[in-house]
Amino acid sequence: MRRLPLRPLALTALLLSAAPGLRAADPAASIDDPACTAEDRMFMARAYELAQYATTHGGGPFGALLVKDHKIIAEFSNCVHSTGDITKHAECGLISAFSPKIDRKTFSQATLYTSTEPCAMCCGAICFAGIGRVVYGVSEIPFERTMGVAPRPNPLTSREIIGRISPGIKVLGPLMEEEGLRQHREYWRAHPEDVGRS
């Protein structure tokens with residue numbers, strides 16, 4: 001695989017974010033992960049509702065929920081902007097808010113549904129909480145392209161990060177990606193100043 005020098009990549013990202021007319025075509029959604037179930041789809045729809053809520057309540061378009069025994073036990077929407085706390089991503093915020101109330105055994109038997117693939121920070125929180133299963137909606141690379149940011153040359157996926165730290169955690173996704181990409185397109189086109197801040 002050929003590596004591009006960093007300067008052209010940085011210039012490309014700058015041009016893409018500064019001039020929406022220069023953006024590449026919207027990324028196509030990937031097919032759903034075949035290991036996902038009808039129940040996963042139902043809970044992912046809720047993650048997208050939480051992401052939409054976040055956009056009108058001080059955050060970027062990201063939502064997460066924790067499900068155990070077919071019941072929602074915790075929900076959280078990104079609130080980075082309203083709190084000024086850069087760790088208030090949907091996944092980290094959920095784990096931070098609910099870890100004093102949810103024991104480790106419950107976390108290990110639960111599924112975390114998140115509207116967009118977890119970042120490295122959120123992957124760390126997921127691993128340390130010991131969450132048993134993760135299902136995400138939008139994959140990292142189409143998400144970045146939708147924001148108008150050139151993909152990094154060697155991105156790490158959440159599967160790779162979680163797999164290295166906690167190989168017992170099952171990671172599934174993407175799921176219902178077109179719905180999530182639609183939310184991201186609407187939000188980032190209206191809020192280009194938030195790119196890299198949510």
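I started with the strand pairing and found that Val67 stands opposite Thr111 in β3. The model is predicted, so I took local features only at pLDDT of at least 70 and side-chain atom pairs only at pLDDT 80 or more, while totals for chains, interfaces and linings use all residues. Residues are numbered from 1 along each chain as its sequence is written, and side-chain values use heavy atoms, with hydrogens and water left out.

Four bridges join β1 to β3, and the two run antiparallel; strands pair if DSSP finds at least two bridges between them. On β4 (residues 133–138), five bridges to β3 are present and the run is parallel. There I noted Thr116 opposite Val138. From β3 the chain crosses through helix α6 (residues 120–129) to β4, a right-handed β-α-β crossover (with the strands pointing away from the viewer, the path from the first strand over the helix to the second runs clockwise).

I checked burial next: six of the six residues of β3 are buried, meaning under 20% relative accessible area with a 1.4 Å probe, protein chains only.

Then I turned to aromatic rings, of Phe, Tyr and Trp (its six-membered ring), which pair if their centres lie within 6.5 Å; planes under 30 degrees apart are stacked, over 60 edge-to-face and the rest tilted. I have five aromatic pairs. Phe43 and Tyr113 have ring centres 5.4 Å apart and planes at 40°, so I logged the pair as tilted. Phe43 is in helix α2 (residues 38–55) and Tyr113 in strand β3 (residues 111–116), 70 residues apart. Both Phe43 and Tyr113 are buried.

Key. Buried means under 20% relative accessible area, exposed over 50%, partly exposed in between (1.4 Å probe, protein chains only).
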